[in-house]
Amino acid sequence: MAALDVILRILKPGDEVIAGDDLYGGTNRLLAYIRTHVSVTVHHVDTTVPEALHKFIHPTKTAMVLLESPTNPLIKIVDLATISKDVKERAPNAIIVVDNTMMSPYLQRPLEHGADIVYDSATKYLSGHHDLMAGAITCNRDDLAKQMGFTINAIGNALTPIDSFLLLRGIKTLALRMDRQQATANAVANYLNNLGFHVNYPGLVDHPGREIHERIADGNGAVLSFETGSKELSERIVGGTRLWGISVSFGCVNSLISMPCVMSHASIDAATRAARGLPEDLIRLCVGIEDVHDLLDDLERALVNAGAVEYNVSQNRYVRVRRPEASGTIARALEKLELDTVLDKEWLVSAPGKVILFGEHAVVHGVTAIAAAVDLRCYGLTTPRNDGKLSVHFHDIEGFYHEWDIEALPWDSVTPIAADDEHPEALDQKLITAISEGPLKELEGECTAFAASLVFLYMYLILSEAGRRPSINFTARSTLPVGAGLGSSASFSTCAATALLLLQRRITIPAPPDPASPSKGHIHVSHQGRRALPQPLAEEVNRWAFVAENILHGNPSGVDNSVSVFGGALAYTRPGFERKSGMEPIQGFKSLRFLLTNSKVPRDTKKLVTGVGEKKANEPELVNGILNAIQSISDEARRALADPEIPRGALLSALSSLIHENHGHLVTLGVSHPSLELIRSITAAESYQLATKLTGAGGGGCAVTLVPDDFEAQYLQNLIDELVREGFQPYLTSVGGSGLGILSPYDYHSNRRTVAARHGAQVPGQITPPETPNPGDESSSRLNVDSAAGVLEPLRPSFEMSSISELPSWAESLGRWLYV
């Protein structure tokens, strides 16, 4: 790993890396670290299909492609020559890096097939004795050699003289050891294959990558893996061997056995392992130089004692013990499980952020505020784990990941809320305390991650019914800047609430309408998913999203979560004042283009609100006059936005004037900031002449700029470039769009491709066993379930690895979304 660390130091922030989806666990850990701390984008791709890399190759951004062949531990073969050629044609400056540890230079030399850098863990085959730790790097370019040589010299991780001596000693016997080891590995692979196990080894005639491997390598290596069909059975086999040592390493003169999912790859969470097609029951064998008959005898003894094989008298040999097929009553019972697919599938949901167009701060004092949804969204994905654990991955909180044993959660402190009941007005403080002092105890000091985890665990516990405690991972990602006053917490709350309500069947997706049938006189008008989610569903989600906001903020107004769920725009007046309180949607709201600019200046909302309150107490006449003026602005904006007859040009002109006026009052209240005033002056310059105001609490955070429909694209790009040069982060978005969205579970709405199944083995990406098909049901409205032809490609790897800019288009490409 020190060698890979040196290589990865070539990268700089903003670079993109394409890597395989079946990598050594330590490689995954290091890539995850640089993604989080160095701002390098990492795309994990099935590198056994060269074409799969094409859509991720960018001519200037792709800096490195990291490959392994064979991969560890699934022994998949990667066409190094084809990928190197494809990458060089599309991104000439990209560096091709290959981890050649599984083969050693004796059996495979990737530099001959287009690689730029090759590294080996010299601890393995090059040493051969596991008496040193070392890495070896080779390359074919002087500039790369000098750059990596400088790093090695600077950080001081070169080998000591004694380690160098031991490594040279090992290399002298490399050819002898490798010839013996791969000959024995071939015998072991054929033995297991003949017993009926699914074996991963390129020396087998039915290995899918055999032809490619024979073209790029001089031998088959000495590492293989096989599946037993049961994790418990695999554990018994591994624990029952004597000559095969239990260890995560390989390449030594002695033979080793391991279970990757609980050893070398345990740092990858179970859901991701499943999504990448890594079976929990997989056993990896690393063959040494012992006598082949002794190794086979020891392995056979372990298989027999574990109950994996039994002696067949008629065949006069050992054969694999197979579990009985489900049939009769059991099969019919499994058919009923199709009703439970809600727990066995991935659910992808999304919700927008919000922007306060008019009425900031004044809303605290009874003035009406106008809020609207922005076309920047939070996305939430639930993925089945089925291992008795619950996990969360908050991608935008420094990549925070944590998991808990479900049965160890504080169930004794839970007062369940029945499906037909609403959450009480007050939070369950007993449960909050139990969560905070129990499963979240170790997160003290990680404020944002603690709060988000508290929200998720609180709703998970209180929504769970007896016997329904789903084992899942929940991943949240956002195109919204976090903490900038754009409703990122409300959109997260909406996504988390929706996902958990779906899993607990508190809400259900309505069946699709009957298709148009002229013969029956029925016409179906497609709305492309708009208004597909009914009002009762939205109201239930909104109630629980408000509970989540209550946990996060203590006393929320309900505006943010309401906009996030219902979308569009609404007018809100706080209760306790002379005006009529409540929220009213602004019917007929027309979508508007805005430039949201994040000043990147942190703000203290509580301090700013308190400051306005003190100013009102000290200067009541001034502040009350401002509040009345802002109320007039909100009233005028509300009328204009809801008027279907007002010309578009007149509407935009009126809104621009109201934005200027509203901002001036906020400046007088003392809630602006020099950074916000700089943004406003840039956008108001002669070449742009756009109206800008602060939004939210002010004092930092974001500014909003109204962009007219006819504003030239080149001027807009110039403005964005100028704001970026000043250190700001602009987002071009529309305001007033759709609210809560759920990716449709119906197969005729889906664009997701399937992954071909293979007999007797877990399908790549398969997380749970396929549902039993119902031959009599040909309805196109059934939920997407696995079929004999294959299973749906899992969402989680692409969801987690897509860049922020790619995320919206990736989500849209999956198929039809259903919106409130």
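After H22 comes glycine 727, with a positive phi near 95°.

This is a predicted model, in which local features need pLDDT of at least 70 and side-chain atom pairs count only at pLDDT 80 or more, whereas totals for chains, interfaces and linings use all residues. Residues are numbered from 1 along each chain as its sequence is written, and side-chain values use heavy atoms, with hydrogens and water left out.

Helices (H or I, at least four residues) and strands (E, at least two) are DSSP runs numbered from the N terminus, and the chain has 24 helices and 28 strands. Of its 820 residues, 54% count as buried, and the chain exposes about 35400 Å², of which carbon and sulfur atoms supply 52%, as computed by the Shrake-Rupley method with a 1.4 Å probe. Among contacts with a separation of 6 or more, 75% join residues 24 or more positions apart.

| Helix | Number of residues | End-to-end C-alpha distance | Expected span |
|---|---|---|---|
| H22 (713-725) | 13 residues | 18 Å | 18 Å |

The buried residues of H20 include Leu651, Leu655, Ile659, His663 and Leu666. Viewed down the axis of H20, its buried residues fall within an arc of 160°, so they line one face of the helix. H20 is followed by glycine 670, whose phi is positive, near 85°.

Strand E16 (residues 389-394) has 5 of its 6 residues buried, so this strand is largely enclosed by the rest of the structure. Two strands pair if DSSP finds at least two bridges between them; E16 pairs with strand E17 (residues 400-405) in the antiparallel sense over 6 bridges, and phenylalanine 394 stands opposite phenylalanine 400 in E17. The hairpin of E16 and E17 has 5 residues between the strands, and within this hairpin glutamate 398 takes a positive phi near 55°. E16 also runs parallel to strand E18 (residues 472-478), to which 4 bridges join it, with serine 391 opposite asparagine 473.

Elsewhere, an open sheet of 6 strands has the order E2-E1-E3-E4-E5-E6 with mixed pairing. Its edge strands, E2 (41-45) and E6 (135-139), each pair on one side only, and the twist averages 20° from one strand to the next. Helix H2 (residues 25-37) packs on this sheet, touching E1 (16-20), E2, E3 (62-68) and E5, and its direction makes about 145° with that of E2; axes are lines fitted to C-alpha atoms, for helices over the stretch in contact, and angles run from 0 to 180 degrees between N-to-C directions. Within the sheet, E4 (residues 95-99) and E5 (residues 117-121) run parallel and are joined by 3 bridges, and valine 98 stands opposite valine 118 in E5.

Note on methods
Buried means under 20% relative accessible area, exposed over 50%, partly exposed in between (1.4 Å probe, protein chains only). Contact means heavy atoms within 4.5 Å. The arc is that of the directions from the helix axis to the C-beta atoms. The expected span of a helix is 1.5 Å times one less than its number of residues.
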